[in-house]
Amino acid sequence: GSSFVNLGNLLARMTPRCTDPELTVRQNAIDAMQVLLRISARYAGVSAHSKDQFVDAISLLKERALKDEPNALFGVVNDMSKVLSKKLPADQLVPFVYCLLDGLIDAISHSSSGACVVLNSLFKSRGGELQTEVSSLVKEIIEKMAKINSPQTHTGSLRSLRTLTIHHLQTVITTLLDYPIPLNPYVIETWQTLGQDKQLTVYIFDLLLEILSRSLPYSEKERGQSGPVRHPTPVPKAVTCAFTHVFGVDDVEPLAKEHFHRLFAALLIRIGSCAVITEPAPGKNKVAEPTSVSCAIEAMKELLNSINTEAFLKTATEEGVWDTIGTPDRYSEGVTTMAWALCRHAPEEVPKVVSFLTPILSNLYEPQRVVTAAFFAELINQQCLGDMNLVELLMNSLLGRLVDSSHYVRMLCVRGLGNIASIGGEQLKKYTTTVLSAMMAGMDDKEDPHDLITLEAMAGLSKVIDESENRTFDPFSSTFAFEFGRASRKIRLPFARPPSLFSAI
């Protein structure tokens, strides 16, 4: 049979009028809703004499709508939304919802608020049917928010977006990540509203972390004089902005604490990836866009702020982390300070952060390996807070990367291995021979353009030998004497002054 093709549009036009301040308008609108649903039933082949408890119940709503109190009208429109949820045919849902969005900007606040209640209720009960429309609906609602005058409707519209997200998390998040940066205030409010739902926030953390790990951290289009030129990519930048706004929500603290190790490690890696990015020159008459690295740093600051550890944030700021961690030639220094600060202010998180970072050490992207190697090197320097199993894990991880293609990663691995001297005791004895061999290999590294590895290896040797029995060094002394003799004067000088062991050699 045929269907009532305009049903959705007509019902949507009537909906805001069901909470109109004018009694006559209200009564007529509710009557019209009942008549429209009865006509729809006739189109569907239902007899005129059949009873329908939902449609018949609208008569009771008309009686309840005689009262003017906001709470009474809210009850009326809430129950009307239940009737619509049951009786609106599947093919009329989409036209009804789109037309109802116009009700959000109704000039009368009671009416726009009523439309919002129905929208939220339909999203709750039938949002699953809107899969193909989700992205458009999100954009439409955010666009409408600029024209909404009623604070209640404004809040209700944000909540309806949250309800839709519960059905279609991935689509909503992907749509929000597509908005240009800096984000408009309504997109920011949407992120904040999503962050107020604890269960949803956990899924958002999972999804954003997954998107961050899957996305290209930057693109390499050409090579400059000092290596590849890395350009920003939009998705990870958008993810860090999203994190910033979700972390800013008051209720997020327990969740941020629970997932801190994943969030902290992922943002640390992101900051390192951004430090090497070359940003495009700003276009004329364009709003200045924040850089990728500034977005990532802001997210890290908000994370530290959200878990209520002012001391951690204060230490990072006082130690100049935010100045060093975002620069291409000093970001490993900032990472080293962050590792020290983590040991000091959140020691219980260290093993979990390590487990998240360990796979990154064999990652494709050099800056991400640099971050991990620098972080691990400093953890060994901090004696892994006495956790000898962790020491073993980190030492083995760094030993495995001494063959890394990046000389900078190799240098940091050598540094970390030399830091075993700060642990001393049985651990030092256990690793002395291995570490000394690694230091010798480091001094003989053929691809060490600025002698960074050689200097780090000699510094490590000096520390290890100072802390261990000299006879451990005997098998290496002739090799060392040869390498030390070959080294440039600039390198030898700092190590050749008495009482250094090197001066005796």
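This is a predicted model: local features need pLDDT of at least 70, side-chain atom pairs count only at pLDDT 80 or more; totals for chains, interfaces and linings use all residues.
Q: How many charged residues does the contact of helix 7 with helix 9 have?
A: Helix 7 contributes Ser109, Ser112, Ser113, Cys116, Leu119, Asn120, Phe123 and Lys124. From helix 9 come Gln152, Thr153, Gly156, Ser157, Arg159, Ser160, Thr163, Leu164 and His167. By class, these residues divide into four nonpolar and 11 polar, and the charged ones number two.

Q: How are helix 6 (residues 90–101) and helix 8 (residues 134–145) oriented, and what is the handedness of their crossing?
A: Helix 6 and helix 8 pack with their axes 10 Å apart and at an angle of about 15°. That angle makes helix 6 roughly parallel to helix 8. The crossing of the two helices is left-handed.

Q: Which residues of helix 8 make the contact with helix 6, and how many residues of the contact are nonpolar?
A: On the side of helix 6, the contact is made by Val97, Tyr98 and Leu101. Helix 8 supplies Ser136, Leu137, Glu140, Ile141 and Lys144. Classified by type, the contact has one polar and two charged residues, while the nonpolar residues number five.

Q: How are helix 23 (residues 407–418) and helix 24 (residues 425–443) oriented to each other?
A: Their axes are 10 Å apart, and the crossing of helix 23 and helix 24 is left-handed. The packing angle is about 150°. Angles over 145 degrees count as roughly antiparallel, and helix 23 and helix 24 are therefore roughly antiparallel.

Q: Which residues are in contact with Trp191, leaving aside its neighbours within four places in sequence?
A: Trp191 is among the residues with the most contacts inside the largest nonpolar core. With sequence neighbours within four places set aside, its contacts are Ile173, Leu176, Leu177, Leu183, Ile204, Leu208, Ala242, His245 and Val246.

Q: Where does Pro182 lie, and what is the geometry of the peptide bond from Ile181 to Pro182?
A: Pro182 lies in the loop between helix 10 (169–177) and helix 11 (185–194). Omega of the peptide bond from Ile181 to Pro182 is near 0°. That bond is cis.

Q: Is Cys384 buried or exposed?
A: Gln383 and Cys384 lie in the loop between helix 21 and helix 22. Phi is near 60° in Gln383 and near 50° in Cys384, positive values in residues other than glycine. Gln383 counts as partly exposed because its relative accessibility is 39%. Cys384 has a relative accessible area of 2%, below the cut-off of 20%, and is therefore buried.

Q: What separates the C-alpha atoms of Pro351 and Leu390?
A: Pro351 belongs to helix 20 (residues 350–357) and, at 37% relative accessibility, counts as partly exposed. Beyond its neighbours within four places in sequence, Pro351 is in contact with Asp387 and Leu390. Pro351 and Leu390 are 39 residues apart along the chain, and their C-alpha atoms are separated by 7.1 Å.

Q: How far apart in space are Lys221 and Tyr43, C-alpha to C-alpha?
A: Lys221 lies in strand 1 (residues 218–224) and counts as exposed, at 64% relative accessibility. Not counting residues up to four places away in sequence, Lys221 touches Val229 and His231. Lys221 and Tyr43 are 178 residues apart in sequence, and their C-alpha separation in space is 61 Å.

Terms used
Residues are numbered from 1 along each chain as its sequence is written. Side-chain values use heavy atoms; hydrogens and water are left out. Axes are lines fitted to C-alpha atoms, for helices over the stretch in contact, and angles run from 0 to 180 degrees between N-to-C directions. Helices (H or I, at least four residues) and strands (E, at least two) are DSSP runs, numbered from the N terminus. Angles under 35 degrees count as roughly parallel, over 145 as roughly antiparallel, 65 to 115 as roughly perpendicular and the rest as oblique. A crossing is left-handed if the near helix is turned anticlockwise from the far one by less than a right angle, and right-handed if clockwise. Contact means heavy atoms within 4.5 Å. Ala, Val, Leu, Ile, Met, Phe, Trp, Tyr, Cys and Pro count as nonpolar, Asp, Glu, Lys and Arg as charged, and the others, Gly among them, as polar. A nonpolar core is a set of buried Ala, Val, Leu, Ile, Met, Phe, Trp, Tyr and Cys residues joined through side-chain atoms within 4.5 Å. Buried means under 20% relative accessible area, exposed over 50%, partly exposed in between (1.4 Å probe, protein chains only).
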